[in-house]
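Colleague: Before we discuss the fold, could you show me the chain that you have been working on?

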Amino acid sequence: MRIFELVKVHNIIIKKRLTPHMIDSILEYNRKFVDSKAYEPFITDKYPEKKLAVLTCMDTRLTELLPKALGLRNGDAKIIKNAGGLVLSEKDSAIRSLLVAIYELGVNEVMVVHHSTCGACHMSYEEFKPHMLERGVAPDVLAEWEEKKDVGNWLEGFHDTENSVRKTVAAVVNHPLVPKDVVVRGFIIDSVTGELTEIK
Ligand SMILES: [Zn+2]
């Protein structure tokens with residue numbers, strides 16, 4: 001290892017040690033949470049009481065708003081999240097989670113819930129690319145992902161929320177491994193008021 005590489009590694013280690021991590025304060029909070037038995041109101045089992053699964057976006061505005069606006073408490077529903085609340089392919093992890101929810105956990109209704117001003121709506125690979133290069137992803141690695149792995153489409157946003165809800169509902173309804181008796185309906189939730197609008 002050359003000297004400047006050693007210095008770089010050393011600096012990274014020092015930086016890691018000196019930077020207080022949010023995770024450390026979360027761990028501290030967690031110890032108090034468990035010690036004070038604050039978990040007691042949340043005790044339930046793994047089977048969703050309302051036999052419901054919700055496929056939605058990871059947006060932080062929805063973290064508490066969505067369950068509250070839908071009247072969902074701990075134990076009521078399986079909530080599956082990703083960027084946008086999308087199903088991108090037939091082996092998408094959202095579909096895998098839904099299959100577990102349906103076959104193993106008794107879910108018989110699915111709500112696809114996208115939301116207003118979603119970050120995944122207008123994202124584009126062209127915006128990701130310079131950030132990736134800046135953060136150390138090698139240009140030849142990116143070129144390979146562009147050429148062989150269709151990274152451009154994979155990281156592209158959906159641009160039309162209503163259409164995206166319809167497409168996602170269709171991807172679930174038409175999935176060959178999803179039983180036909182499962183009810184699947186699509187919605188857009190207002191990211192501020194929590195109001196649901198059904199998309200047909
Ligand atoms: Zn979103």
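Modeller: Two residues are taken to be in contact when their C-beta atoms, placed from the backbone, lie within 7 Å. Please keep in mind that this is a predicted model.

Colleague: With sequence neighbours up to four places away left out, which residues does Val172 touch?

Modeller: Val172 is one of the residues that touch the most other members of the largest nonpolar core, which has 33 residues. Helix H8 (161-173) is among the elements that give two or more residues to this core. Leaving out residues up to four places away in sequence, the partners of Val172 are Val87, Leu98, Val110, Val112, Val178 and Val184.

Colleague: Which face of H4 is turned inward, and what covers the buried residues there?

Modeller: The buried residues of H4 are Ala94, Ile95, Leu98, Ala101 and Ile102. Seen down the helix axis, these buried residues fall within an arc of 120 degrees, so they line one face of H4. Ser93, Arg96 and Tyr103, on the other side of H4, are exposed. The cover over the buried residues of H4 includes E1, E2, E3 and H8.

Colleague: How many helices and strands does the chain have, and is it compact or spread out relative to the globule rule?

Modeller: The chain has eight helices and five strands, which run from the N terminus on as α-α-β-α-β-α-β-α-α-α-α-β-β. The radius of gyration is 21 Å, well over the 16 Å that the globule rule gives for 200 residues, so the chain is more spread out than a compact globule.

Colleague: What share of the contacts with a separation of 6 or more joins residues 24 or more positions apart?

Modeller: Buried residues make up 22% of the 200 residues in the chain. Among the contacts with a separation of 6 or more, the share from residues 24 or more positions apart is 78%.

Methods: Residues numbered from 1 in each chain as written. Predicted model: local features only at pLDDT ≥ 70, side-chain atom pairs only at ≥ 80, totals over all residues. Core = buried A, V, L, I, M, F, W, Y, C linked by C-beta atoms within 7 Å. Buried ≥ 20, exposed ≤ 12 C-beta atoms within 10 Å, placed from the backbone. Helix = DSSP H or I, 4+ residues; strand = E, 2+ residues; numbered from the N terminus. Rg over C-alpha atoms; globule rule 2.2 N^0.38 Å. Arc of directions from axis to C-beta.
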